[in-house]
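User: I would like to learn how to read the main features of a model such as this one. Could you take me through them one by one?

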Amino acid sequence: MQILFLMADGFEETESVTPFDYWQRGGLNVTLASISDSLSVTGKLGLRIQADTLLKDADLAQFDAIYLPGGGQGVKNLAASAAVEATIKQFDAQGKWIFAICAAPLVLSKAGILKDRKCTCFPGCEGDLVCKQFLTDRVVVDGKVITSCGAGSAEEFAFESLAQVAGREICEKIRKQVVAR
């Protein structure tokens, strides 16, 4: 399983590092792709991450899933990118997995892929969502789209995503490794 992990300046650190860590531990291959022209991406609290590639240079055919972390400015940067929107639409049309947390489901909504799906997002953002049904659950799975509500749910989100794509057995193995409840 290959995950295209979109990185934009202003990303939320917990929502980036936690899924990355757990997915890698679970045997998923995660490629960090900067949506800008620089491989260096800075989080909202100053964490600097060196992406593996630029989105514009990524071979999208090699990926099975896409992930959008939250973070106020990070989400604004993701939403402002035509390339991000086109990539989301392409992944959806091809039936690939799509993951988003915090305010990032707004980017999925902008791309039009939530209109027939239920989802969740950061509290207060739901008024800007166009979706079939908004839920206040911490993690929502609707087909191959998984959404979550924020940094505090990053671990649950990472585990549920891992369980969906790699199986519950792998998820439980990693849960025990990191001593999660």
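User: In what order do the seven strands of the open sheet run, and what is the pairing?

Analyst: Strands of a sheet pair through backbone hydrogen bonds, either parallel or antiparallel. In this predicted model, where local features need pLDDT of at least 70, side-chain atom pairs count only at pLDDT 80 or more, and totals for chains, interfaces and linings use all residues, the seven strands form an open sheet in the order E5-E2-E1-E6-E7-E11-E10, with mixed pairing. Strands here are DSSP runs of E with at least two residues, helices are runs of H or I with at least four, and both are numbered from the N terminus; two strands pair if DSSP finds at least two bridges between them. Residues are numbered from 1 along each chain as its sequence is written, and side-chain values use heavy atoms, with hydrogens and water left out.

User: In which sense do strand E1 and strand E6 pair?

Analyst: Strand E1 (residues 2–7) and strand E6 (residues 65–68) pair in the parallel sense over three bridges, and Phe5 has Tyr67 in E6 as its bridge partner.

User: How should I read the phi of Cys102, and is this residue buried or exposed?

Analyst: Most residues other than glycine have a negative phi. Cys102, however, has a positive phi near 65°, and its place is the loop between strand E7 (97–101) and helix H4 (105–110). With a relative accessibility of 10%, Cys102 counts as buried, a term that means under 20% relative accessible area, whereas exposed means over 50% and partly exposed lies in between (1.4 Å probe, protein chains only).

User: What is the phi of Val179, and where does this residue lie?

Analyst: Val179 is not a glycine, yet its phi is positive at about 55°; it lies in the segment after helix H6 (168–177) and, at 71% relative accessibility, counts as exposed.

User: How many helices and strands does the protein chain have, and what is its radius of gyration?

Analyst: The protein chain has six helices and 11 strands. Its radius of gyration is 15 Å, close to the 16 Å that the globule rule gives for 181 residues, so the chain is as compact as a globular protein of that length; the radius is taken over C-alpha atoms, and the rule is 2.2 Å times the number of residues to the power 0.38. Of the 181 residues, 52% count as buried.
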